Amino acid sequence: MAGSLLLFGKIPLHTSRPSNRYSFSSERRSLESVFSPTTHFCQGINGNLNFKGIFFSGQSIRYSYKLKPVSSLSSEDAHPVSEEPDHLKRGKSFEEWTSMTAKFAGAANIPFLLLQLPQIVLNTRNLLAGNNSALLAIPWLGMLTGLLGNLSLVSYFIKKMETEAVVVQTLGVISTYVVMLQLAMGQAMPLPHFIATSIVVASGLILNFTKYFNLLNLKIWHFWEDFITVAGLSTLPQVMWSTFVPYVPNTILPGIIAFVSAVIAVVMARMGKLPEKGVKFMGLISGWTATLLFMWMAVAQMWTNLLNPDNIKGLSAVSMLLAMIGNGLMIPRALFIRDFMWFVGSGWGSVFYGWGNLICLYCFNSISREFFLASTLSFLAWIGVTFWRDAQAHGLGSPLTSLKELVFGA
């Protein structure tokens, strides 16, 4: 997610099996790529890292592999296939949409890179002018949930070898952390909480970075996975509760209950005391918790807007628009590969954090009617075209069938 425009190159992907997989695959893939200011690294099928090179061109990301969509609540459900149903025969429309959704997912890095820049600039001006109260328009709890969600999703997508998503989430962690630093400087976030957040962010980025390059001990990685599972499950109910203080009692009881429950579940899973379904559920829960943390960021922001409408001028309309665009660009890919969790997270980010906050800004006369209507109509048209093209590519009779397959399976 945040300088200059990204320039992408072609990414040929090759698997070691003749069968096709989702982009969310547990197998190693050889990548030759260019990625945004972060270098797109290449991994061979044998698991060794090789830097194939960095190229800069005006072309968008392009995938040379083919995908067979299946319904999945998680990327874990993706599986290889040897043959495709008749309605998924790879005609011209299917191939074009495969390529386009990949380009959209890669292009999402542009708005995500720029997402927090307007807010960071606005915060800097307010800090320099001594207008620290304007920073109260940004709920630090909401930013914290978004940051922890991004950090957890970095680990989730690293396991799936989905490099583009890893870069997006890493940029989100960094840019959100900069905003939280400004909040701490403006005393809009408690200093002890900021220090604790800084330690977690630094540790998480180092561990994820070393895991990406296969330099991390497996036991340490498993410990980190357990940590983010416990932290996510503990943080989510506590943050949800704290958002509505003082309308609810100020207590840490929700977090304590969730923490104890999460620790017991993780210990039982590591000791092999859980049934097979329980182990699978624990494998999915960190990803879903991270998604829910990210989703709650929008709820916290909109709640703050309702409670303190005078502070809404502290929000950047450009940031909200970029949030809507960035998440919106991920929706076609999530729908195409039938990853329900990714679709829900991206859709929620577009509708509630992006478009929803634009509604708040419009209602309080912080943006013009023309700006709001143009954003709204463009977003609705994008969603309509996404479902129409997906149904057309898969040979489905109705765009609603794509949604049905996403949620319930083909």
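**Exercise 1. Packing of α4 against α7**

In this predicted model, determine the handedness with which α4 passes α7, and classify the orientation of α4 to α7.

Solution. 
1. Handedness: the crossing of α4 past α7 is left-handed.
2. Geometry: the axes of α4 (residues 140–159) and α7 come within 10 Å and cross at roughly 155°.
3. Classification: angles over 145 degrees count as roughly antiparallel, so α4 is roughly antiparallel to α7.
4. Contact residues: α4 contributes Leu-141, Thr-145, Leu-148, Leu-151, Ser-152, Ser-155 and Lys-159. From α7 come Trp-221, Trp-224, Glu-225, Ile-228, Thr-235, Val-239, Ser-242 and Thr-243.
5. Composition: the contact of α4 with α7 has seven nonpolar, six polar and two charged residues.

**Exercise 2. Packing of α1 against α12**

Classify the orientation of α1 to α12, and list the residues that make the contact.

Solution. 
1. Geometry: the axes of α1 (residues 92–107) and α12 cross at roughly 140° and come within 9 Å.
2. Classification: roughly antiparallel requires an angle over 145 degrees, and α1 is therefore oblique to α12.
3. Handedness: α1 passes α12 in a left-handed crossing.
4. Contact residues: on α1 these are Ser-93, Phe-94, Glu-96, Trp-97, Met-100 and Phe-104. On α12 they are Trp-382, Thr-386, Arg-389, Asp-390, Gln-392 and Ala-393.
5. Composition: six residues of the contact between α1 and α12 are nonpolar, three are polar and three are charged.

**Exercise 3. The two sides of α13**

State which residues of α13 are buried, which are exposed, and what the buried ones pack against.

Solution. 
1. Buried set: Ser-402, Glu-405 and Leu-406 are buried in α13, which spans residues 399–408.
2. Arrangement: viewed down the axis of α13, the buried residues fall within an arc of 100°, so they line one face of the helix.
3. Partners: the buried residues of α13 pack against α10 (317–336), α11 (340–363) and α12 (369–393).

**Exercise 4. Backbone exceptions in loops**

Locate the cis peptide bond at Pro-246 and the positive phi values of Gln-187 and Asn-365.

Solution. 
1. Expectation: most residues other than glycine have a negative phi, and most peptide bonds are trans.
2. Cis bond: Val-245 and Pro-246 are joined by a cis peptide bond with omega of about 10°. Pro-246 is in the loop between α7 (218–243) and α8 (253–270).
3. Gln-187: phi is positive, about 60°, although Gln-187 is not a glycine. The loop between α5 (163–185) and α6 (191–212) holds Gln-187. Its relative accessibility is 69%, so Gln-187 counts as exposed.
4. Asn-365: phi is positive here too, near 60°. Asn-365 lies in the loop between α11 and α12, and its relative accessible area of 70% makes it exposed.

**Exercise 5. The surroundings of Thr-291**

Decide whether Thr-291 is buried or exposed, and name its contacts beyond four places in sequence.

Solution. 
1. Location: Thr-291 belongs to helix α9 (residues 276–307).
2. Accessibility: buried means under 20% relative accessible area, so Thr-291, at 4%, counts as buried.
3. Contacts: with neighbours within four places in sequence left aside, Thr-291 touches Leu-153, Met-341 and Gly-345.

Key:
Residues are numbered from 1 along each chain as its sequence is written. This is a predicted model: local features need pLDDT of at least 70, side-chain atom pairs count only at pLDDT 80 or more; totals for chains, interfaces and linings use all residues. Side-chain values use heavy atoms; hydrogens and water are left out. Buried means under 20% relative accessible area, exposed over 50%, partly exposed in between (1.4 Å probe, protein chains only). Helices (H or I, at least four residues) and strands (E, at least two) are DSSP runs, numbered from the N terminus. The arc is that of the directions from the helix axis to the C-beta atoms. Contact means heavy atoms within 4.5 Å. Axes are lines fitted to C-alpha atoms, for helices over the stretch in contact, and angles run from 0 to 180 degrees between N-to-C directions. Angles under 35 degrees count as roughly parallel, over 145 as roughly antiparallel, 65 to 115 as roughly perpendicular and the rest as oblique. A crossing is left-handed if the near helix is turned anticlockwise from the far one by less than a right angle, and right-handed if clockwise. Ala, Val, Leu, Ile, Met, Phe, Trp, Tyr, Cys and Pro count as nonpolar, Asp, Glu, Lys and Arg as charged, and the others, Gly among them, as polar.
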